[in-house]
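This report looks at a ligand and the protein residues around it.

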Amino acid sequence: MVLRLAIVGCGGMAEAHLRAYITIKQKEPEKFEFVAMCDTILSSAEKFANIAAQSQTFKPRVYSSLEDMLPKENLDAVDICTPHSEHHRAAIACLNAGVNVTVEKPFGVTIKASKAIIEAAKRNNKIVAVAENIRRGLSQRTAYWIINELKMLGEPRLFFAQHASWQDPMEERIWHWRIEKMLSGGGMVMDSGAHFADMLRYIYGDPETIYAKVTQFERWPHKKGDRIVHDEREDSWIAVISFRSGLICTWSWTIAVPGYSYTNVVHYGSKGCLLDHGDVFHGPFDNAEIIIQDGSKKIIYPMRALEKEYLNSLDNEKKNRLFPYGITNGVFIECYDFLEAIEKRRKPEVDGEEGLKAKALCEAIYEPAYLGQPVNYRDVLEGRIEGYQKPINEYFNL
Ligand SMILES: NC(=O)c1ccc[n+]([C@@H]2O[C@H](COP(=O)([O-])OP(=O)(O)OC[C@H]3O[C@@H](n4cnc5c(N)ncnc54)[C@H](O)[C@@H]3O)[C@@H](O)[C@H]2O)c1
């Protein structure tokens with residue numbers, strides 16, 4: 001059966017999805033066809049349709065709204081890459097129309113929005129996947145293997161992910177949906193932070209308690225037409241997260257501290273550490289190092305060498321499932337997994353529940369900052385604490 005696919009929201013990230021689907025088509029031409037492209041800016045949908053047309057015998061139809069597209073198209077799959085505020089609206093409309101969806105991170109704009117998507121999927125017996133590419137990468141899957149299967153680091157103890165830098169707040173910036181709380185739901189805690197929250201849960205399991213301060217030191221003016229509006233997102237946070245396993249973690253980020261910049265990401269266990277060399281959102285990276293303490297000696301294993309060992313350790317079934325066609329790009333893997341999940345009526349690797357739980361960790365950083373006291377992760381996940389999210393939920397009648 002050739003799946004009938006549409007992409008909704010034809011912007012920056014969607015282009016990576018489009019390219020990934022084209023690669024899938026080169027591998028398995030009969031797996032799916034691009035049937036439609038939808039963006040409120042019709043020229044963006046047109047651009048995608050023209051690119052997609054080069055990979056098949058016809059040009060996908062273009063739409064400027066889902067309301068227009070859904071009744072006219074008989075779709076199996078919709079890939080949603082809109083601003084965060086639209087994730088639940090688009091996903092629920094598709095699911096109610098009987099179409100399977102994959103939704104970019106962060107899953108819903110709030111916990112309630114995320115749960116509403118899961119409910120709609122259950123009601124309509126359709127698949128909801130989350131396009132979480134980072135945990136599917138080679139270095140991230142290798143890090144899971146190192147920490148949880150080989151137990152190279154011993155028992156996980158402490159984890160630091162800290163970034164401090166300075167960006168000039170007066171530099172000219174142009175308005176974008178991300179700067180409005182009602183459109184984005186929040187700042188980097190849940191934007192790039194959604195990846196890290198997912199990655200932390202993937203490697204270390206569920207968090208237990210979280211305390212955080214989230215703040216904005218600068219106002220960050222942006223030009224919106226002939227007006228100046230201010231960024232509503234945080235420019236700084238410090239969070240202390242403890243996990244059920246006993247692991248304690250500090251995760252902090254700021255772009256509002258002049259004079260000295262640094263990034264420090266280290267996972268410590270009882271036998272050694274994973275020293276990462278990248279940012280505080282997308283790691284562990286290929287250039288990380290595992291440093292094992294052997295008495296007074298230190299033994300260093302480059303991540304790249306361990307990646308090779310990890311790949312060699314996989315049997316063919318697992319290798320093909322985790323890295324179809326040997327491709328290690330997370331966006332390719334997530335798009336392929338979505339199509340496979342529909343075809344085989346199986347759970348996607350990152351489903352709505354996983355997306356919700358990563359989302360809950362991000363909200364469990366905003367909520368204690370809003371309350372001024374630590375929160376229990378489960379209270380946020382189960383909706384008992386939602387002061388920060390309340391205005392967003394009210395805005396969307398959730
Ligand atoms: N996985 C990653 O590494 C990664 C990286 C960047 C962005 N993202 C995620 O991808 C999503 C999109 O982000 P982006 O950076 O591509 O944003 P973007 O602004 O570049 O693209 C969003 C697109 O959605 C369109 N749009 C807005 N409302 C719409 C609606 N109701 N219906 C149809 N189209 C609509 C916009 O016109 C725009 O073309 C976000 O969820 C973001 O967090 C993920």
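## Ligand shell

In this predicted model, 24 residues surround the ligand. The closest are Met13, Asp39, His84, Lys105 and Trp177. By class, the shell has 8 nonpolar, 10 polar and 6 charged residues. Asp, Glu, Lys and Arg count as charged; Ala, Val, Leu, Ile, Met, Phe, Trp, Tyr, Cys and Pro count as nonpolar; the others, Gly among them, are polar.

## Polar contacts

Polar contacts are pairs of N or O atoms within 3.5 Å. Asp39 places a polar side-chain atom 2.6 Å from a ligand oxygen. On its own the ligand has 850 Å² of accessible area, and the protein covers 81% of that (Shrake-Rupley method, 1.4 Å probe).

## Where the shell comes from

α1 (12-27) and α4 (84-96) each supply at least two shell residues. The largest share, 3 residues, comes from α4. Helices are DSSP runs of H or I, at least four residues, numbered from the N terminus.

Domain 1 (3-133 + 325-349) and domain 2 (135-321) each give the shell at least three residues. The domain bounds come from an automatic or database assignment.

## Basis

Residues are numbered from 1 along each chain as its sequence is written, and side-chain values use heavy atoms, without hydrogens and water. Local features need pLDDT of at least 70, side-chain atom pairs count only at pLDDT 80 or more, and totals for chains, interfaces and linings use all residues.

Conventions. A residue is near a molecule or strand if one of its heavy atoms lies within 4 Å of it. A polar contact is a pair of N or O atoms within 3.5 Å; within protein, one must be able to donate a hydrogen and the other to accept it, and residues adjacent in sequence count only if both atoms are side-chain atoms.
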